[in-house]
Each structure stands twice: as C-alpha cells, then as structure tokens.
Amino acid sequence: MLRATFSGFTTAQLAMAASQRALDITGQNLANVNTDGYTRQRLDLISFNSNNGDYYVTNSSARIGNGVIAKGVSQLRDPFLDIQYRRQISNVGAYDSKDSVLSDLAAIFDETNKGSIQTAFQDIDKQLLALSSGDGADNMVRSSMEILLNLIHGNSTELSSVREHMTTDFEDTTQKTVNGILNDIKELNKSIKVSQILGNPALEQMDQRNSKLDELATYLPIDVSYKDFDISKGNSVSVLQVSITTSDGSRISLIDDDKIGEFTASTTNNVTQLNVKDTENASHQLAGVENGAVVNHLGSGTYKGTLDMLNSAGAFNGNISSEKGLGYYEESFDMMVSKFATLLNTLNGADSPDHPDALFSTLDGSTDFTAANIKISDAWKNGTIEIKKSMDPNATSDDKSNINKIQEALKASQDFETADGSKIYKGDFYNFYVNMQAVLGIDQQSTSTVLKNSISVVNQTTKSRLSVSGVNMDEEGVNLMHYQQSYTAACRLMTSLNEVLENLLNVI
Amino acid sequence: MRITTSMMISNYQSNLNASVNNLNNAQMHVLSQRNFNSVSENPAAAIRAASLERSYAKNEDYISLVKDLHSRVDSQESSIKELVTYAEQIAKDEGLKALNGTNTAQAKVYAESFRGLQQSMVRSLNMKFGDNYVMAGSDCANLPFQLSEDGKTLTFRGIDVSTGLDKDGNPANPSLEKMAKETMYVDLGFGLTSDASGAILPSSAFDIALSGLNVVGFGKDANGMDNNLIVLAGQLAESLESDPPDLTKMESILGQFNKGFDTLVNAETNLGVKSNFLDNTQNRLEDTAITLATQIDAIVNADMPTAITNYSYAQYAYNAALRVGVNILSPSFIDFMK
C-alpha cells in the first residue's frame with residue numbers, strides 16, 4: 001500500500017492539537033487548585049490507526065498509526081469515598097446540632113461560674129434558720145423566696161426563647177435551605193443531562209452537584225445512585241437518584257432526575273412534625289407524633305439532632321432511653337418548682353394555690369405550678385399572711401414548730417417521678433437542681449466526645465478524597481513541561497516533514 | 001498516598017485550630033483559677049463541689065446561730081445568778097438572822113426586806129434579751145411573771161403558780177406542768193428530725209427554752225406547802241409581820257425555801273452545762289468549716305503551678321505551629337521551572 005504523501009502532516013497536526021488541549025487542561029487544573037470541591041481533570045488520549053486490513057491484496061508494508069486523538073476530558077474521583085464522606089458528615093450533623101442545643105441549655109442552667117438558683121436555695125435555708133431561732137423576720141424569708149422566683153422566671157423565659165428560636169429556625173430557615181438545595185440539584189441535573197447528551201461531559205457542573213449533595217448529606221442520611229438513561233440504542237447518560245432510608249427501613253425517593261421531593265415542618269403542642277413529599281408526590285411523616293408516641297424516623301443528620309432536641313423529653317414522653325431534649329429540662333424544672341410550691345403551701349395549711357393561706361399562687365390562675373406561672377401569693381406579698389410558725393391554734397408566741405417542720409421538709413428526700421411513675425431523681429430540691437446540671441453536663445461531655453471523633457473520621461475521609469481528586473502543583477508543573485516538550489516535538493515533526501517534502505517538490 | 005496542596009492546607013488549618021483550642025482552655029484555667037469552668041468539663045467534680053459548697057454555707061449559718069444562742073444562754077445564766085444572790089440573801093443570811101431571836105420591830109424590817117427581795121426576784125425572772133423574755137418558756141414575746149400588790153400571788157401568764165387556776169378560778173389549760181415542759185427547738189446541725197407524731201426528737205435539735213417555773217418552782221408539795229420561792233418569800237414576810245412574829249411557821253417555810261434554793265442552784269448548773277455544750281458545738285463547727293474549705297479548695301481551685309505550666313506549654317506548641325505554617329506553602333515544582 002502506498003503511503004499518502006501528505007499524511008504525516010495530519011499526524012503532526014493531531015499531535016500539536018492534543019498537546020495544546022493537554023496544556024489547556026493543566027492550566028484549568030492549576031487555576032482551580034484552591035476551588036472547593038474541584039476534581040482534577042485529565043485529558044484522555046488515544047492513539048488511532050485508520051488502516052484496515054487488505055481484503056483483496058496481501059501486502060508486506062508496515063501498518064503505521066495515524067496519530068493521537070483527544071477522546072475527551074474526564075474527572076478523577078472515587079465514588080466510594082463520596083459515599084463514605086456523606087455517611088460520616090451526616091453523623092457529624094446530628095451530633096453538632098445536638099451539641100449546640102446542649103450548649104444553649106448549659107448557658108441557662110450551668111451554675112459553676114454564677115451560682116444563682118443554688119445560692120438562692122442556700123439563702124432560703126439561712127433565713128428559715130434565723131426565723132426558727134427567733135431572730136429572723138418573715139419578710140426576710142419572703143424576700144429570699146422572691147429572689148428564687150425571679151431566677152426561676154428568668155430561666156423559664158430563656159428556655160422558652162431557646163425553644164421558640166429553634167422551632168422558627170427549623171420550620172422556616174432550615175426547610176427553605178434544604179428545599180433550595182433540592183431545587184438547585186434539580187436544575188443541575190437538567191443541565192448536566194442536556195450537556196451530556198450533546199457530548200459535553202459537564203465536569204464543572206458535576207463538581208457543583210457533588211458539593212450540593214455533600215451539603216444535603218449534612219442534613220439527612222441520603223443514598224446517592226446513578227441510573228442509566230438511554231438516549232438511543234447503545235448510548236446512555238447517567239442520571240442522579242437520591243433517596244433517604246429511614247430507621248425502620250423504608251426508602252423515600254427525594255430526587256429522581258428532574259423530579260424532586262419537598263420538606264415541610266410544623267409544630268403543635270411543642271412537637272415538631274417533619275413531612276416529606278417524595279418524587280411521586282406521596283406524603284410521608286418523618287418525625288412527629290404517631291400512635292400517641294413521639295417518633296423520629298431519621299437515623300442521622302442535622303434534622304435528626306434538631307428534631308430529637310425539640311421533640312424528645314426522655315422519660316417524660318414515655319421512653320426512658322430516648323434523647324433528653326429541651327422537653328426533659330423544661331419538664332424537670334417545672335416539676336421541681338411545682339413540688340416546691342405545693343410542699344410549702346401544704347405546710348402552711350393551704351391545699352391549693354387559691355387558698356387564703358397559700359404562700360405561692362399562679363399568675364394565670366391554674367392549679368398547677370410551672371416555672372413560668374409561679375408567684376408569691378398576694379396575701380403573703382402585702383403581709384396579710386405570714387409563714388405559720390405553728391399549726392397549733394393555741395401556740396405560744398415562740399412556738400416555731402412549723403418553721404422547724406418546713407426546714408426538715410426542705411432537707412428531706414423527695415421522690416421526683418414522671419406522671420407515669422418513671423423515677424427521675426430522689427433527693428432534696430437543691431440536689432435535684434444540681435442533678436439536672438449533672439445530667440446536662442454528662443450529656444454534653446459524651447456528645448462532644450462523639451462529635452470530635454466523627455469530625456476526625458470526616459477529616460480522614462476528606463484527606464483521602466483530596467488525595468484522589470485534589471490538584472498537586474508539582475504534578476501539574478511536570479505536566480506543563482511534559483506537554484510543552486511534546487508540543488515542541490510535534491512542531492519539530494511538522495518542520496521536518498516540511499523540509500522532506502520541500503526536497504521532493506524541488507526535485508519535481 | 002498523593003499529597004495535594006489543598007490537603008496540606010486543610011490539614012494545617014485543622015491542627016492549628018486544635019492548638020488554639022488547647023491554648024484557650026489552658027488560658028481559661030489560669031485566669032479563672034478553677035479546675036473546671038463548666039459542669040460538662042468535669043461533671044463528677046461539679047456535683048461534689050455543689051454539695052460541699054452547700055454544706056459550707058449551712059455550717060456558716062450554724063456558727064452564727066450558735067454565737068447568738070450562746071449570748072441568750074449567757075443572759076439566762078446572769079438572770080439566774082441574780083436570783084441565786086437574792087435567794088441566798090433570804091435563805092442563808094437574813095432568814096437565819098430573823099429566826100434567831102428578833103423583836104417585832106426588827107422582824108418588820110426583815111419583812112420589808114423580804115418583800116423587796118420578792119420584787120427583785122420577779123424582776124430577774126422577767127429579764128429581757130433584746131426583744132425576748134429569757135425565762136418565759138416558749139412565750140418570749142409576753143411578760144411572764146406578775147406579782148400581786150400584796151405579794152401573796154405570783155402569776156405566770158395570768159395563772160396562779162400556787163394553785164394552777166386562771167383569773168376566773170378555772171384550772172388552767174394548758175396546765176402549769178405542761179407549760180413548764182415547753183421546748184423551743186433550734187436546728188444546730190444535729191439532723192433535725194421529727195417522729196411519727198410530728199414532735200421533734202430531742203436529740204436532733206437544741207432546746208433554747210427556759211421556763212421560770214422550773215427555776216423558782218410552782219404548785220404545792222405533798223404537804224400542801226408552796227414550792228415557789230417568791231410565794232414562800234412572801235409567806236416568810238407575812239409570818240414576820242404578824243404580831244408577835246410566828247417563828248415556828250417561819251422555820252418550816254424557811255426549810256421549804258431551802259429546798260427551793262437547791263432547785264435554783266441546780267438550774268444554774270444545768271445552764272452551765274448548756275453553755276459548755278454550745279462552746280463545744282461552736283468549736284466543732286469552726287473546725288468543720290476549715291475542713292470543708294480545704295476540701296472545696298482541693299476540688300475547685302486549680303493548682304496554679306500546674307495550670308501555668310500547661311499554659312506555657314500550650315503557648316509554645318501554638319508558636320511552633322505558627323512557625324510551621326510559614327513553611328507549609330512550600331515552593332513547588334513550578335518555582336523551579338525555567
């Protein structure tokens with residue numbers, strides 16, 4: 001077979017083009033060395049040979065290839081590391097949101113550096129002791145009770161503002177953010193699919209989509225998979241599918257190509273419900289009240305952490321082993337206040353907050369005391385009644401037996417139990433409050449330890465990811481030199497062929 | 001494993017952050033001089049510290065109360081000492097003199113003296129400490145003893161101490177016996193507890209009540225003679241005022257008076273015992289305060305040399321990390337290309 005005279009030029013031309021493209025890709029990698037989420041790109045080069053075998057003639061000439069073709073640009077990314085990363089970041093999200101709520105609670109209750117309610121209890125003891133020995137006055141005891149109540153109100157106000165803030169944040173901001181992410185992914189899906197059908201691998205957009213998926217993974221435990229979408233026989237592009245697997249095993253499809261789901265949250269009776277509409281528009285409840293019990297079907301993610309803190313109240317809403325969220329501390333605090341007020345009222349001869357001898361009454365007129373509605377009764381406040389020194393109607397002026405009884409009762413161990421009998425604590429009021437802080441502190445300690453562990457695992461996975469997909473400047477520098485040389489070599493080939501042909505043409 | 005630029009930078013950042021965190025924690029310990037600044041740092045120590053701090057506060061309350069009670073017992077003691085002086089004057093001095101041969105005129109002088117001593121003794125019985133009558137049992141706001149004009153009747157809260165009848169002639173309720181047993185219990189850290197009926201167990205609190213009835217006596221004995229020293233003193237005066245002085249009667253009354261005097265001296269001794277007890281309690285409480293303060297110090301307060309050393313080391317580690325940072329963005333291959 002004769003060689004075409006000008007065929008060498010094509011080879012040189014193709015080589016130059018390939019080297020030029022390779023240099024461009026190296027430039028792209030170097031430019032994006034600091035871009036978050038960027039995956040390094042690589043030019044796929046194949047050598048090609050357009051010579052077929054001879055059907056009709058046998059020839060002994062050598063079959064030489066025709067150059068190099070830049071087949072396309074591809075990304076270097078390990079999808080398994082992505083799966084690992086997303087699973088870990090979802091754990092981090094759960095513990096991080098829990099940790100931040102516990103810190104908010106610690107700011108309210110932790111008395112290591114401020115000693116307010118504890119000091120108030122100590123002061124009440126002191127005034128009662130003075131009253132019992134004949135040197136104190138009733139209004140001193142009353143004023144130390146007022147201080148205690150002010151502190152209790154303060155804590156209660158802060159607790160409800162934490163809850164309000166968290167609920168509003170969850171219902172509005174978080175849902176908007178997550179629905180926004182889902183929307184962004186949908187748009188990216190559409191445009192990536194179109195690009196890929198038209199032949200453009202859309203690598204930068206895929207990087208963007210992966211970042212969005214990482215962000216989504218912080219909120220929910222997602223499963224990412226790619227399905228093949230046939231555009232014609234033998235040709236397909238992959239489309240993204242994202243689903244959530246709940247803790248009872250069911251799968252809810254969140255994203256399917258260009259169809260996405262939607263999250264909505266609402267709150268009734270201090271329980272926040274999370275609903276999701278899947279890609280087929282079917283509604284599922286992920287968290288809220290089911291059959292009278294508070295449930296959370298999410299296994300990890302910021303949503304799980306936040307919902308647990310908002311909805312679960314430990315032994316107070318039925319399950320001693322469930323998370324001790326805001327509700328646990330709200331109810332414990334209320335229980336302490338209620339028992340305290342009821343006990344003192346009873347020792348003064350009042351069996352309800354509106355009895356004329358009651359020392360404490362409620363701001364809203366109800367018969368149950370809570371941290372928000374307790375107040376010193378009007379009769380005590382304006383001096384109409386005093387703490388009864390003795391319950392004996394014929395008592396002498398210094399019979400302080402009732403004061404002694406009150407002191408004894410305040411030191412005695414109370415049984416703190418929930419409405420259905422689960423034991424919370426047994427001890428006096430001061431120690432109950434200290435115990436609340438201890439439960440909170442221990443929870444905080446364990447959460448922050450697990451959080452630290454999860455973060456360090458995520459860091460490991462990130463490092464592995466970056467190791468595969470990150471840009472190494474040394475490598476790119478070598479590539480620069482490398483492709484520069486190959487470009488020079490291709491040019492050299494061009495000039496050599498040129499000279500060769502010139503000789504031939506000069507002869508003709 | 002491939003090392004990439006962004007990997008090195010993110011690695012460096014997270015380690016530098018950890019180093020800064022350590023520095024911050026060490027700094028907090030030095031500045032606050034505490035071993036832990038929140039319950040979550042050391043829950044066990046925090047609970048222990050809260051419990052100890054409460055015990056310490058209660059201890060301080062008890063110490064100040066003990067000092068108060070001690071003053072009250074002191075004033076009770078001084079009142080009894082006065083009574084002893086007066087009673088002694090009657091029993092051991094003028095009484096004997098009056099017995100041993102006096103004429104009517106002298107007897108009248110002694111009688112006057114006895115009447116005067118009656119008044120003095122009632123005044124001692126009605127002694128006040130601040131706003132409280134110290135010998136009024138548990139009714140310290142109201143004047144306990146009153147002597148009638150003729151010096152024959154002494155009333156305790158309006159009840160005649162000899163007969164036990166009130167002003168209308170009815171038996172008093174509660175009776176004098178009950179009133180003499182009145183208690184005023186105060187919590188001094190002995191574990192104030194009440195029994196099933198609601199009465200405080202005597203061993204679990206301190207009784208500050210002192211009833212004048214127990215000091216000077218009340219009611220009548222088996223022979224119908226009055227037990228009360230002041231009534232007896234009045235009767236002595238009466239027997240001296242009669243014309244001629246009834247010395248036989250006086251002798252028997254004086255004998256009864258001496259018995260009452262012994263009771264009085266016993267009451268003084270008992271008070272001395274109480275006073276001693278309060279002294280010992282105060283010493284014990286003050287020792288406990290020191291022990292508690294030492295324990296609290298050990299748990300809560302940071303050992304300053306250790307804390308400062310940790311801080312210095314954390315600072316050194318941080319500076320080293322910063323120095324590393326300068327080299328982290330090391331020259332790469334590109335810097336060496338021509």
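Colleague: What relative accessible area does A:Val194 have?
Modeller: A:Val194 comes out as partly exposed, the class between buried (under 20% relative accessible area) and exposed (over 50%), with a 1.4 Å probe and protein chains only. Bear in mind that this is a predicted model: local features need pLDDT of at least 70, side-chain atom pairs count only at pLDDT 80 or more, and totals for chains, interfaces and linings use all residues. As for bookkeeping, residues are numbered from 1 along each chain as its sequence is written, chains are lettered from A and ligands numbered from 1 in the order in which they are written, and side-chain values use heavy atoms, leaving out hydrogens and water. For A:Val194, the relative accessible area is 48%.

Colleague: How much accessible area does the nonpolar surface patch with A:Val194 have together?
Modeller: Patches take residues with over 30% relative accessible area and no salt bridge, joining like charges within 9 Å and nonpolar side chains (Val, Leu, Ile, Met, Phe, Trp, Tyr) within 5 Å; a salt bridge is a Lys or Arg side-chain nitrogen within 4 Å of an Asp or Glu carboxyl oxygen. A:Val194 sits in helix 4 of chain A, and helix 4 and strand 3 (222-232) of that chain each supply at least two patch residues; helices (H or I, at least four residues) and strands (E, at least two) are DSSP runs numbered from the N terminus. Areas follow Shrake-Rupley with a 1.4 Å probe, and for residues only the protein chains shown count as cover. Together, A:Val194, A:Ile197, A:Leu198, A:Phe229 and A:Ile231 have about 450 Å².

Colleague: Which residues does B:His70 contact beyond its neighbours within four places in sequence?
Modeller: B:His70 lies in helix 2 (residues 43-99) of chain B and counts as buried at 15% relative accessibility. Contact here means heavy atoms within 4.5 Å. With those neighbours set aside, the partners are B:Ser275, B:Leu278 and B:Asp279.

Colleague: Which residue stands opposite A:Lys277 in strand 9 of chain A?
Modeller: Two strands pair if DSSP finds at least two bridges between them. Strand 7 (residues 262-268) and strand 8 (residues 271-277) of chain A pair antiparallel over seven bridges, with A:Glu262 opposite A:Lys277. Strand 8 also pairs antiparallel with strand 9 (residues 283-290), over four bridges. There, A:Lys277 stands opposite A:Ser283.

Colleague: Is A:Asn269 buried or exposed?
Modeller: A:Asn269 is in the loop between strand 7 and strand 8 of chain A, a hairpin with two residues between the strands. Its phi is positive, about 55°, although it is not a glycine. At 76% relative accessibility, A:Asn269 counts as exposed.

Colleague: What relative accessibility does A:Asp257 have?
Modeller: A:Asp257 also has a positive phi of about 55° without being a glycine. It is found in the loop between strand 5 (251-256) and strand 6 (259-260) of chain A. A:Asp257 counts as buried, and its relative accessibility is 11%.
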